[in-house]
Amino acid sequence: MAEYHGQIQLALAGFYDVLTAEGKTFRTRARGNFRKKSLKPLVGDWVTFSAETTTEGYILAIDERKNSIVRPPVANVDQVIIVTAVKMPDWSSNLLDRQLVALEEKSIEPVIYFTKTDLLNSEEKKMFAMIADGYRQIGYQVILPEEAFDETSLGQVEQLLADKLTVLMGQTGAGKSTLLNHISPELNLATGEVSQALSRGRHTTRQVALINLFDGFVADTPGFSAFEVFDMPARELGQYFRDFNHFSSNCRFRGCVHLNEPGCAVKEAVVAGEIMASRYENYKLFYDLIAGRRPVYNKHDKKH
């Protein structure tokens, strides 16, 4: 039986479609020993597999992953485009900063794409221009379309996709599928109307698959409203705020967590307007959230 190497493009009901470097797709299943090891192949994984035909293959080994994310389950992600609505659902700096921290923790490069800019009045447009500039100064790529899904912004997205595995992320109803439909109309992905009563959307995307677009691969993914947890200890949270890292080496104390310590260069930068106030407020909220969560006990430990 011949052995091959390729990348998983689609995971559905226990089957995995794997694309080889030669451009051939094989439908495979995972061997039972993966289940024993609690290891599940993910879309984006590079795998070695054996196959007699293109419809009967078995995954033998999974290459070491560069990274992986849980929602959606994708491995070896190069960048995430965070699709962020300015309205409907309402703009939330808290949600955007949560997403940025979670991606920084996994060393995945974020790109911020603002949608629904056509709903803004002139004052609101000025405000979002300032917000976009604030995030650009931190070092993030930000796309703020003059008009919703205009050619300039779509061109910027297309250029970003080449030779990368890209995930689109954001609240349901923020416009992920709409953005993909604009970039590649032949996809014709189902889009959900935002439920105005809840300002939440309905899930419209059912599976994770990689789509070949502009010489790269894109995963269209289920929408979600928040990262529920942060994986890092509270004292390490600050290192995932890029803007803090410009100043934290000047803090008086090593290990400064930028809350109550004297001589904190990060707090001074907030006062001086060199760090966005919203970023620092969100940092404090996240810190409290992590510090306040219950410790996870070993289930064999009876001393609760």
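Trainee: Which residues of α2 are buried?

Mentor: Start with the cut-offs: buried means under 20% relative accessible area, exposed means over 50%, and partly exposed is in between, using a 1.4 Å probe and protein chains only. In α2 the buried ones are S93, L95, L96, D97, R98, Q99, L100, V101, A102, L103 and E104. That makes eleven of the 13 residues, so α2 is largely enclosed by the rest of the structure. Keep in mind that this is a predicted model: local features need pLDDT of at least 70, side-chain atom pairs count only at pLDDT 80 or more, and totals for chains, interfaces and linings use all residues. Residues are numbered from 1 along each chain as its sequence is written, and side-chain values use heavy atoms, with hydrogens and water left out.

Trainee: What do the buried residues of α2 pack against?

Mentor: For packing we look at contacts, meaning heavy atoms within 4.5 Å. The elements are DSSP runs numbered from the N terminus: helices are H or I with at least four residues, strands are E with at least two. Here the partners are β8 (79–85), β9, α3, β11 (165–169), α6 and α8. Just past the end of α2, S107 takes a positive phi of about 55°.

Trainee: Which residues of α3 are buried, and where do they sit around the axis?

Mentor: The buried set is F128, I131, A132, G134, Y135 and I138. They span an arc of only 155°, which puts them on the same side of α3. The face turned away from that side carries exposed S122, E123, K126, M130 and Q137. Cover for the buried residues includes α2 (93–105), β9 (109–115), β10 (141–143), α6 and α8 (277–292).

Trainee: What is L144 in contact with?

Mentor: Skipping neighbours within four places in sequence, L144 meets F114, T117, F128, A129, A132 and R136. L144 sits in the loop between β10 and α4 (151–161) and is partly exposed, with a relative accessible area of 23%.

Trainee: Now a charged one: which side chain of opposite charge is nearest to E261, and how far away is it?

Mentor: Lys and Arg count as positive, Asp and Glu as negative, and His and the chain ends are left out. A salt bridge needs a side-chain nitrogen of Lys or Arg within 4 Å of a carboxyl oxygen of Asp or Glu. For E261 the nearest is K267, 5.2 Å away, and E261 is buried without a salt bridge.

Trainee: Where is E261, and which backbone nitrogens lie by its side chain?

Mentor: E261 is in the loop between α6 (242–245) and α7 (265–271). A polar atom of its side chain lies 3.3 Å from the backbone nitrogen of H258, and one lies 2.9 Å from that of L259. Beyond residues up to four places away in sequence, E261 touches F253, C256 and K267.

Technical notes:
Polar contact = N/O pair within 3.5 Å; in protein donor to acceptor, adjacent residues only side chain to side chain. Arc of directions from axis to C-beta.
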